[in-house]
Amino acid sequence: RLDYHHRGVQALAWAPDTRHLLSVGNCEDGKLVVWNVDSNSVVAATDCLHAVHAVRFCGAMEFVTVGHMYITFWLKTDDGVLHMQEKTAPNEQPNVHYTCLDMSAEGRTLFVGSSSGIVSQWELSAERNVCTGTWQTCQGELSILKCRGERVITCGRHPHVRIWEFAQDLSDDSGGQWQVIR
C-alpha cells in the first residue's frame, strides 16, 4: 500500500523500469509523488502549482504532466530533486486545459490534446522540448489521444473518433500537415 495523498488521485504512470510509479493527486490534493514500488517509499514529492489531468514518463526519470494552462516537463535528479519547465502550445487559448497526452513509440515525440480541441506536437530532447506544430481537430474538448506508428487517434466531446496521419507536402517549406483519414 502506497500512502501519501490525502485526497483522490487523478493520474498514474509507470516508469520504464516498472520499479517507479508516479501519482498525481486531484485538485484538492495537489501533490505529485514519485514512488519506488519495490520498497514502498517516496523517492520525490512536490506540490503541483496547477491542476493536472494526465501524466506520462518519457525517460527513466523524466516525465510530463498536462493540466490547467501548462504542459510541464519534469526531471528527477539522482539526489531526489524535481526540476520542472512549464510550456504552453502556440495558438492556444488563455486558461486552456491540456487534457490528454501520448508518446510516439520511439519516445521522442509527444502529442498533447486540449480543451479547445487542439493537438500540439512536441519534439523531446535532453537539451530542450520544442513544440513543432499544432492542429485543430474540431472535436471540442479532447479526452483521449493515442499515438500508434504514424497515426494519432483523437476523441472528445463530439461523438466520433478521428484517425490522423501526417501528409508530406514537398511543394512548400512547411513539410506537411496532419490530416483526417477516418
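1. Second largest pocket: lining. In this predicted model, the second largest pocket is lined by Ala54, Val55, Arg56, Thr99, Cys100, Leu101, Asp102, Ser143, Ile144, Leu145, Lys146 and Arg148. The space in this pocket amounts to about 190 Å³.

2. At least two lining residues come from each of strand 5 (52–57), strand 9 (98–103) and strand 13 (142–148). Strand 13 makes the greatest contribution to this lining, namely five residues. By class, the lining of the second largest pocket comprises six nonpolar, two polar and four charged residues.

3. Largest pocket: volume and centre. The volume of the largest pocket is about 260 Å³. Its lining numbers 15 residues, of which Glu62, Phe73, Ser125, Ala126 and Asn129 are the closest to the centre.

4. Strand 7 (71–76) and strand 8 (82–87) each contribute at least two residues to the lining of the largest pocket. This lining is made up of seven nonpolar, five polar and three charged residues.

5. The model contains one cavity of 30 Å³ or more, and the volume of the largest cavity is about 100 Å³. Among the 14 residues lining the largest cavity, those closest to its centre are Leu49, His50, Val52, Thr65 and Thr72.

6. Strand 6 (62–67), strand 7 and strand 8 are the elements giving two or more residues to the lining of the largest cavity. Strands 7 and 8 each also supply at least two residues to the lining of the largest pocket.

Conventions
Residues are numbered from 1 along each chain as its sequence is written. This is a predicted model: local features need pLDDT of at least 70, side-chain atom pairs count only at pLDDT 80 or more; totals for chains, interfaces and linings use all residues. Side-chain values use heavy atoms; hydrogens and water are left out. On a 1 Å grid over the protein atoms alone, a cavity is a set of points where a 1.4 Å probe fits but cannot get out, and a pocket is an open set with protein on both sides within 12 Å along at least five of seven lines; lining residues have an atom within 4 Å of a point. Grid points are joined across faces, edges and corners, and a volume is the space filled by probe spheres set on the points. Helices (H or I, at least four residues) and strands (E, at least two) are DSSP runs, numbered from the N terminus. Ala, Val, Leu, Ile, Met, Phe, Trp, Tyr, Cys and Pro count as nonpolar, Asp, Glu, Lys and Arg as charged, and the others, Gly among them, as polar.
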